[in-house]
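Welcome! Here are some exercises to work through with the model in view. Try each task yourself before you read its solution.

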Amino acid sequence: LSLTDALPISYIAQHGYAPLLTEITAACDLASSSNARYHLAQLERHGLVSRGPRGAARGLSLTEKGPA
């Protein structure tokens, strides 16, 4: 995993809830939130996270494949 991909996973493991999209964008020094969405989509595609309904704040959660 890249640093950008690992950040949401480690954040959830440490805090018990998901970071906001703006927090991921800022922490990873990404140009826009669409870049953060891309990385979240990759994590979801690999089965490491699942995302809640569109527009749900902090709707990201770890799956069984994701680190505990």
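A residue is called buried under 20% relative accessible area, exposed over 50%, and partly exposed in between, with a 1.4 Å probe and protein chains only. This is a predicted model, where local features need pLDDT of at least 70 and side-chain atom pairs count only at pLDDT 80 or more, while totals for chains, interfaces and linings use all residues. Residues are numbered from 1 along each chain as its sequence is written, and side-chain values use heavy atoms, with hydrogens and water left out.

**Exercise 1. Describe the overall build of the protein chain.**

Step 1: Find the elements. Helices (H or I, at least four residues) and strands (E, at least two) are DSSP runs, numbered from the N terminus. The protein chain has three helices and two strands, in the order α-α-α-β-β from the N terminus on.

Step 2: Look at the dimensions. The C-alpha trace spans about 30 × 25 × 25 Å along its principal axes. The radius of gyration, taken over C-alpha atoms, can be set against a globule rule of 2.2 Å times the number of residues to the power 0.38. For 68 residues a compact globule would have a value near 11 Å, and the protein chain agrees because it has 11 Å.

Step 3: Check burial. Of the 68 residues, 31% count as buried.

**Exercise 2. Find the salt bridges and say how accessible their partners are.**

Step 1: Apply the rule. A salt bridge needs a side-chain nitrogen of Lys or Arg within 4 Å of a carboxyl oxygen of Asp or Glu. The structure holds two.

Step 2: Take Glu23 and Arg58, whose side chains meet at 3.4 Å, N to O. This pair links distant parts of the chain, 35 residues apart: Glu23 is in helix 2, and Arg58 is in the loop between strand 1 (49-51) and strand 2 (60-62). Glu23 is partly exposed because its relative accessibility is 29%, and Arg58, at 32%, is partly exposed too.

Step 3: Turn to Glu44 and Arg51, where the N to O distance is 3.0 Å. Glu44 has a relative accessible area of 33%, so Glu44 is partly exposed. Arg51 has 35%, and is therefore also partly exposed.

**Exercise 3. Is His39 buried or exposed, and which residues does it touch?**

Step 1: Locate His39 in helix 3. Its relative accessible area is 18%, so His39 is buried.

Step 2: Look for contacts, meaning heavy atoms within 4.5 Å. Leaving aside neighbours within four places in sequence, His39 is in contact with Thr4, Asp5 and Leu30.
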